[in-house]
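Hi,

Here's the structure I promised to pass on. Have a look at it first, then read on for what turned up.

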Amino acid sequence: MNPHIYRVVVRSQISPGRLLAWAGLSGVAILLGFVARAADDSVSFATQSMGTFGTNIFAPFIALTLGSAALGDLVEDRTLVYIWLRPVPRYSMATAAFAAVISVVGPIVVVVMTAAAAVTGVDDLLMATAAATALAVFAYSGLFLALGLRFKRSLLVGLGYIAIWELLMSRLGDWFARLSVRSYPMSILSDATGVEMRLADRSTLASYIVPVAVGLAGLAYTSWRLTRTEID
C-alpha cells in the first residue's frame, strides 16, 4: 500500500457537506435505537431496524459517496496523472485507495450502528451489528471503488444499482437475492436474534465469506483497471 496515495484519498473524502450528511444519518440510526427500545417487541423491531437501515441504507450510501469518488474524482480532475508519473505499482494504488475508503467509512458506519444497537438494549444484537456492518462496509467499499473508476457518472450508476438491484431485483427470487450484498450481513443479524427477515436466509459461512469476496473482487478489478486506464 502506498502511504502517499492513502493520505491523498483520505483528505479528499472529508468535506462539510459530507460531514453534515453523515451526522444526519447517524442521528437517524441512534433515534431508531431508542424507538426500538420502547417498542412492544423490541427484539424484532431492533433487528429489522439494524438490518433495514444499517446494511440497506447507511452502509451502502456512505460507501458509495466515498468509494466512487476515491479514484473517480482524481481521474475526472486529472490529479491522478501526477501520481501516475511516480513508479508506483497499480495494485499499490488500488490498495491504498481501498484502505482509505474503509478507514473513513468503517468507523462512521460500524461505530454508529453498534452504538444504535447498544441503545436498543438487545444484547444479542450488539456484536452481530458490528460484524454485519463491518462486512457490508468492506463489500460495498470494494464494489463502489471499482465502479468509480469504471464509470464517469459513478454516483448515479451506484444509486441505480442500490435502488434497482439491491432493493428491487433481489426480491424477485432466490437467484437474484444471492447476488445481493445486503442479504449476507442481514443474515448475521437474523441468526443472532432469531428474527426472520426477508432475504436473510444465507448460511453462516456464506454470510461471512461472500461480503469479503465481493470486496476483494472489487479491489482486484480496480487494480486491473488501473493497468489499462489512460490518464492524460
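This is a predicted model: local features need pLDDT of at least 70, side-chain atom pairs count only at pLDDT 80 or more; totals for chains, interfaces and linings use all residues.

Is it buried, partly exposed or exposed? Its relative accessibility is 42%, so Ala163 counts as partly exposed. Ala163 is also 107 residues from Asn56 in sequence, yet their C-alpha atoms are 10.0 Å apart in space.

Now the whole chain. You'll find 11 helices and 0 strands in it. Of its 232 residues, 49% count as buried. The accessible surface comes to about 10800 Å², and carbon and sulfur atoms account for 66% of that. If you take the contacts between residues at least 6 apart in sequence, 74% of them link residues at least 24 apart.

On to the inside. In soluble globular proteins, nonpolar side chains tend to be buried together. Here the largest nonpolar core has 53 residues, and Phe58, Val105 and Val109 touch the most other members. Several helices give two or more residues to this core, including H1 (3–13), H3 (42–70) and H7 (123–150). The top contributor is H6, with 15 residues.

Which residues does Val109 touch, leaving out those up to four places away in sequence? They are Phe58, Ala59, Ile62, Thr133 and Val137.

Cheers

Terms used
Residues are numbered from 1 along each chain as its sequence is written. Side-chain values use heavy atoms; hydrogens and water are left out. A nonpolar core is a set of buried Ala, Val, Leu, Ile, Met, Phe, Trp, Tyr and Cys residues joined through side-chain atoms within 4.5 Å. Buried means under 20% relative accessible area, exposed over 50%, partly exposed in between (1.4 Å probe, protein chains only). Helices (H or I, at least four residues) and strands (E, at least two) are DSSP runs, numbered from the N terminus. Contact means heavy atoms within 4.5 Å. Accessible areas come from the Shrake-Rupley method with a 1.4 Å probe; for residues, only the protein chains shown count as cover.
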